[in-house]
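Open the model in your viewer and keep the selection tool at hand. The stops follow one after another.

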Amino acid sequence: MPLAAGVGTLGVIDDDRVENSNLQRQIIHTDGRIGMPKVFSAQAAVEALNPFITLRPYNRRLSDAIAAELFADYDIILDGSDNFDTRALVNRAAVAAGLPLVSAAIAQWEGQIGVYHPAADGPCLACAFPDRPAPGQVPSCAEAGVVAPLPGILGAMMAVEAIKLITGAGRPLTGRLILHDALEGESRQIRVPRRLDCPVCGGA
Ligand SMILES: [Zn+2]
């Protein structure tokens with residue numbers, strides 16, 4: 001029986017509920033699941049795709065208090081959160097746990113993706129983005145909008161990096177950042193060096 005690709009256990013953490021305005025870009029949810037906590041909607045979609053995957057839903061917001069214990073149960077962290085503070089928290093916890101972090105972000109027509117893994121001599125997210133942007137400098141998806149297929153493009157690229165990390169195939173994006181400009185139809189890549197004076201991973 002052919003099944004969708006999927007690893008044995010996925011943990012998904014989010015404290016949002018599905019809203020009508022999410023459906024344009026968040027294809028894991030459906031019109032019939034508006035109002036449902038997103039993690040349970042995601043669980044329904046994944047189990048329908050492949051009933052042999054275990055999805056552990058965490059219907060809460062990630063916090064410093066729970067991140068270390070939660071991350072200890074997993075081998076790879078994928079972050080698609082929509083704000084700097086959560087991304088920074090995920091990075092701190094992934095570095096502390098020695099885990100690779102696949103992190104992507106999107107805005108309007110542009111996306112970026114990188115793999116951060118100081119335990120494999122790569123940079124961490126704070127090496128690449130040390131400073132918190134000023135309020136209003138980076139509008140959120142809800143404020144600025146995002147072209148509908150872009151989360152799917154970046155999400156699929158995150159899955160590729162996860163499969164590469166699991167299987168050891170190819171060359172993970174460690175220390176590199178892909179910048180994808182959908183409006184121009186261009187992708188480019190920049191190197192991200194590790195910062196020895198990084199407050200998160202320096203000396204780790
Ligand atoms: Zn760092």
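Select Val 7, Leu 10 and Ile 166: together they make a nonpolar surface patch with about 220 Å² of accessible area. Areas are Shrake-Rupley values with a 1.4 Å probe.

This is a predicted model: local features need pLDDT of at least 70, side-chain atom pairs count only at pLDDT 80 or more, and totals for chains, interfaces and linings use all residues. Numbering starts from 1 along each chain as its sequence is written, and side-chain values use heavy atoms, without hydrogens or water.

Stay on Leu 10. Its strand is β1, residues 9-13 (DSSP runs: strands E, at least two residues; helices H or I, at least four). Leu 10 is partly exposed at 31% relative accessible area (buried is under 20%, exposed over 50%, partly exposed in between).

Next, show the open sheet. Its five strands run in the order β3-β4-β5-β6-β7, with mixed pairing (pairing takes at least two DSSP bridges). β3 (77-79) and β7 (186-191) are the edges; each has a single partner strand, so one side of each lacks a neighbour in the sheet.

Zoom in on β3 and β4 (residues 101-107). They pair in the parallel sense over three bridges. Ile 77 has Leu 101 of β4 as its bridge partner.

Finish at Asn 91, in helix α3 (residues 84-97). Buried or exposed? Asn 91 is buried, at 3% relative accessibility. Beyond four places in sequence, Asn 91 contacts Leu 101, Cys 124, Leu 125, Ala 126 and Val 200 (heavy atoms within 4.5 Å).

Key. Patch = residues over 30% accessible without salt bridge, like charges linked within 9 Å, V, L, I, M, F, W, Y side chains within 5 Å. Salt bridge = Lys/Arg side-chain N within 4 Å of Asp/Glu carboxyl O. Buried < 20%, exposed > 50% of the residue type's maximum accessible area, 1.4 Å probe, protein only.
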